[in-house]
Amino acid sequence: MTIFDTSIFDTRMGVQMKNFVSLSVLVATVALLSGCPTKKPDVPDTPPQPTVDNTAGVENADALAGDTTASMGPTGDLLSKRIVYFDFDRAEIRADSQSVVAAHAAYLSKNPNQKVRLEGHADERGSREYNIGLGERRGQTVRRALALQGVAEAQLSTVSYGEERPAAAGSDEQAYGLNRRVEIVYLK
Amino acid sequence: MKERMKQTAIRFLAACLFTAMGASPAFAQLRLTITSGVTDPIPIAIVPFSRAVPADGGLDVAQVIQRDLESTGRFKAMDRKDMVFTPTTSVEVDAAGWKQQRVDYVVVGRVSAQPDGQVRIDAELVNVLTGQRVAGPFFVGSSANLRNSAHRVADALFEKIIGVKGAFATRIAYVSVDGKPPKQTYELFVADSDGFNRTRIFSSPMPIMSPAWSPDGEWLAYVSFERRTSAVYVQHRRSGKQTMVSARAGINGAPAFSPDGKKLALTLSGSSGNLDIYLLTLATNELKRLTEDPGIDTEASFAPGDGNTIYFTSDRSGSPQVYRLTVGSTERPKRVTFQGGYNARPRVSPDGKQLAVLTQDGGSFRIGVQDLANGTVQILSKGVQEESPSFAPNGAMLIFAGRDRGHGVLQTVSIDGLTSARLDADAGEVREPVWGPFLP
């Protein structure tokens, strides 16, 4: 637990070290007297974790099967690459990723029982639900590219996580670039 | 500066004492900091109320009221140690004396135990400049709900002074995320508008998104990826009873309750991956498609009223913009945002006159408010990456998600952009705040 709120140091006025020290002493004294800060705040656990009592509208067999664990999948120069990257607010497969998609298309065509899940993602900028749409659009682009290269539709499924599951933390171009992606997940 | 520190320390001491006394089991999980206020806040003295020990559970009612009023940035409360007198009834208030101390208003009050075990708060407001005394408001409630009663007193005082009903006795829902990717824990919380009384609604190792309140404040709809793919759930806040209302193939997202609470607008994509807006009647599971466009259509938000007017985000023109549709009409949705290349996640104000959006402002994503009558847009926030605006039920404030030193925080801003405050979490990131309705 943070003992004091650092935001009380108004950055426009600058941090005054003397005040900082005297406040620290005051806060420490308070802490010692009351024993408060060592006590971890409790989160009331009511209401309890809910149970699902209705499965109306369930059509997604993959989801019903529970957590389908990803498999190792094939290896090779290009086949070991499982991530396709995208430009900001775009869903076209870039030239530098075409060979990766083609390698997976060739492998999946030859192994018609192998299924893959295409997980679409977006960077953190913009609205969350719109980014779900953007991630889905990217997943669908890869799905169509694979299908056009001979992969059966039954081998392919998509899911979009939008910006909710970033691959890289941080708010810079490098992290954004790593997060705008489709992950090709080989299923067991 | 020094004064502020001292105040913070005193508040901290008070909070600790309550906790040590075991009087306040719910520690503030969100800390409120006023980041900007009006240049000329109203000077007010909120005199400590007479206590009812032990029925009041050690709660400092006057302090709760003071914190509420100050959180709006419109009031500057007098320091208690500067108070020469501490009256608890308005007849004891010497208006001339307080005027010399440069306060415009004095609030006095009493907390009393009732014969039936309830606790009553009586407050009185004195206008020091006119000498006018306003008796009331008073609120009676259980000892456990005393904090809520104090918020209701603050609501009424705010209305008497500012002319707009306060929204302190309301709740917010928000998503909290802890841990580093890819191992993160997602939690949906409901808390009082001041961050106190936090209750966990749902938690999952998979993302939780897009919480939405039912109009009566009894239910929350949200998106969970618990099953690896998205599904929309509706959960009863008090009992925890959860119902999965949509887990169709593809995307199930962006739920919004209709004004009568009987329908849910949501975004579905089907397996083809084309996101469109649908209307689900909760009692019958009847599904009606509202948009049909190859672009991304999502983030439906009902205008107040009959539930037939829905604003939503669509990139049918090439970039995300806000459109309006009428349920049951064959007319094409009408575009309503034109300023800037990115306008998304619309929310209509309670009076139906304004639209809050996430808008791109230069290189930043900020909260904008558009006047629906004349189309003028005002940018209300100053950060670089903000999102998820949500109106307070009184329409006077917006809560949204922002960042502070790379950390997800909740922020509030008044509708005129003049005052703002920040709610920091003790741990983890907080995001997607949604302001609940007025409580009955």
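1. The side chains of B:Glu124 and B:Arg110 form a salt bridge, with 3.0 Å from N to O. A salt bridge here is a side-chain nitrogen of Lys or Arg within 4 Å of a carboxyl oxygen of Asp or Glu. The two residues are 14 apart and link distant parts of the chain: B:Glu124 is in strand β5 (residues 119-127) of chain B, and B:Arg110 is in strand β4 (residues 105-113) of chain B. Helices (H or I, at least four residues) and strands (E, at least two) are DSSP runs, numbered from the N terminus. B:Glu124 is buried at 11% relative accessibility. B:Arg110 is partly exposed at 23%. Buried means under 20% relative accessible area, exposed over 50%, and partly exposed in between (1.4 Å probe, protein chains only).

2. A word on the basis. This is a predicted model, in which local features need pLDDT of at least 70 and side-chain atom pairs count only at pLDDT 80 or more, while totals for chains, interfaces and linings use all residues. Residues are numbered from 1 along each chain as its sequence is written, chains are lettered from A and ligands numbered from 1 in the order in which they are written, and side-chain values use heavy atoms, with hydrogens and water left out.

3. Return to the two strands of point 1. β4(B) and β5(B) run antiparallel and are joined by nine bridges. Two strands pair if DSSP finds at least two bridges between them. One bridge sets B:Ala113 against B:Val119 in β5(B). The strands make a hairpin with five residues between them. In the turn, B:Gly117 has a positive phi of about 95 degrees. β4(B) also pairs with β2(B), in the parallel sense, over three bridges. There B:Ile46 has B:Val107 of β4(B) as its bridge partner.

4. B:Asp60 is buried at 10%, whereas B:Arg80 is partly exposed at 31%. Look also for the network of salt bridges that links A:Arg128, A:Glu163, A:Glu164, B:Glu387 and B:Arg431.

5. A:Glu153 and A:Arg143 meet in a salt bridge of 2.5 Å, N to O. A:Arg143 lies in helix α4 and A:Glu153 in the loop between α4 (128-148) and β3 (156-162) of chain A, so the pair ties together parts ten residues apart in sequence. A:Arg143 is buried at 13%. A:Glu153 is partly exposed at 47%.

6. Now the helix itself. α4(A) has 21 residues, of which 17 are buried. From first C-alpha to last it reaches 30 Å, close to the 30 Å expected at 1.5 Å a residue. That expected span is 1.5 Å times one less than the number of residues. At its start, a side-chain oxygen of A:Ser127 comes to within 3.4 Å of the backbone nitrogen of A:Tyr130. After α4(A) comes A:Gly150, with a positive phi near 100 degrees.

7. Last, a sheet in chain B. Four strands form an open, antiparallel sheet in the order β22-β23-β24-β25. Which strands are at the edges? They are β22 (343-348) and β25 (377-379), and each pairs on one side only. Eight bridges join β23 (residues 354-361) to β24 (residues 364-371). B:Gln354 stands opposite B:Asp371 in β24(B).

Terms used: Polar contact = N/O pair within 3.5 Å; in protein donor to acceptor, adjacent residues only side chain to side chain.
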